[in-house]
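Hello,

Here is the structure I promised to pass on. My notes on its salt bridges follow below.

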Amino acid sequence: MAKITLKPTENQNFILLGGDFQKTLDFAHKQESEGNFEGACNTRYKAFQQIVEVLPEEESAELDFSHQNTRAAIEIIYGSAVDNFLAGDVELSAAQLELLLECDSEDHIEATPQLALCYIALEEWECLEDIVPDLGEKSAFKPLVEALAEFVRTGEISNETATSLRRHRHLCEELRAAEHPADEVYLKDISSERPTQQALAREIYLRCEPLFIKYDGFLAKI
């Protein structure tokens with residue numbers, strides 16, 4: 001991989017030169033499509049380590065999302081954070097996502113919902129409360145996160161939170177489904193330019209699945 005450098009721009013942000021992160025991202029996706037999920041995770045994590053090496057330690061560096069190579073690097077950081085969350089290393093995942101939000105303050109890639117899941121798993125309630133308003137009022141993720149947090153803290157789910165969640169029909173259907181296969185049909189759908197609502201709901205379920213397993217009884221309660 002070519003030497004990676006961090007270059008300031010006239011827009012008061014930075015771009016990443018070198019590394020060809022789009023190529024790395026495409027290779028990781030290819031590994032996933034071939035069923036080599038461990039290889040894809042390793043590809044993303046190695047690239048993440050190379051990105052971190054050029055970021056300043058004492059202050060944040062806003063990255064230019066409009067720059068293709070830099071945007072691919074942002075996507076790699078996010079993908080690696082999801083990998084680590086699913087693998088059970090929640091603290092590392094949270095650290096990666098917090099770093100990502102420092103580098104992309106506008107959260108173009110919507111890392112905040114995944115960070116909310118990390119905070120629930122770590123039971124960092126004050127941190128969670130700080131970012132819940134950023135989840136978006138129309139997002140299916142917000143009522144699901146609120147329901148999970150209530151269940152973990154109290155063992156119950158309020159009627160108000162349950163009612164908010166039920167407004168998202170496709171997600172509720174996915175939560176009730178007996179199986180949630182990440183099969184070829186799903187992968188083709190979710191990677192398309194316009195994934196269906198069913199695929200988006202399954203993506204949310206699969207991202208939250210470690211919490212559903214950790215906090216057994218949530219799905220039955222909801």
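Buried means under 20% relative accessible area, exposed over 50%, and partly exposed in between (1.4 Å probe, protein chains only). This is a predicted model: local features need pLDDT of at least 70, side-chain atom pairs count only at pLDDT 80 or more, and totals for chains, interfaces and linings use all residues. Residues are numbered from 1 along each chain as its sequence is written, and side-chain values use heavy atoms, with hydrogens and water left out.

The structure has 7 salt bridges. The term stands for a side-chain nitrogen of Lys or Arg within 4 Å of a carboxyl oxygen of Asp or Glu. Helices are DSSP runs (H or I, at least four residues), numbered from the N terminus.

- Asp-83 with Arg-44: the closest N and O atoms are 2.7 Å apart. Asp-83 sits in helix 3 (residues 68–87) and Arg-44 in helix 2 (residues 37–54), 39 residues apart. Both are buried.
- Lys-221 with Glu-156: 3.3 Å, N to O. Lys-221 is in helix 12 (residues 218–221), while Glu-156 is in the loop between helix 7 (141–154) and helix 8 (159–166). Lys-221 is partly exposed at 39%, and Glu-156 is partly exposed at 46%.
- Arg-202 with Glu-174: 3.0 Å, N to O. Arg-202 lies in helix 11 (residues 197–214) and Glu-174 in helix 9 (residues 169–176), so the bridge ties together parts 28 residues apart in sequence. Arg-202 is buried at 18%; Glu-174 is buried at 7%.

Shared partners also join Glu-32, Arg-44 and Asp-83 into one salt-bridge network.

Best regards

Notes. Helices (H or I, at least four residues) and strands (E, at least two) are DSSP runs, numbered from the N terminus.
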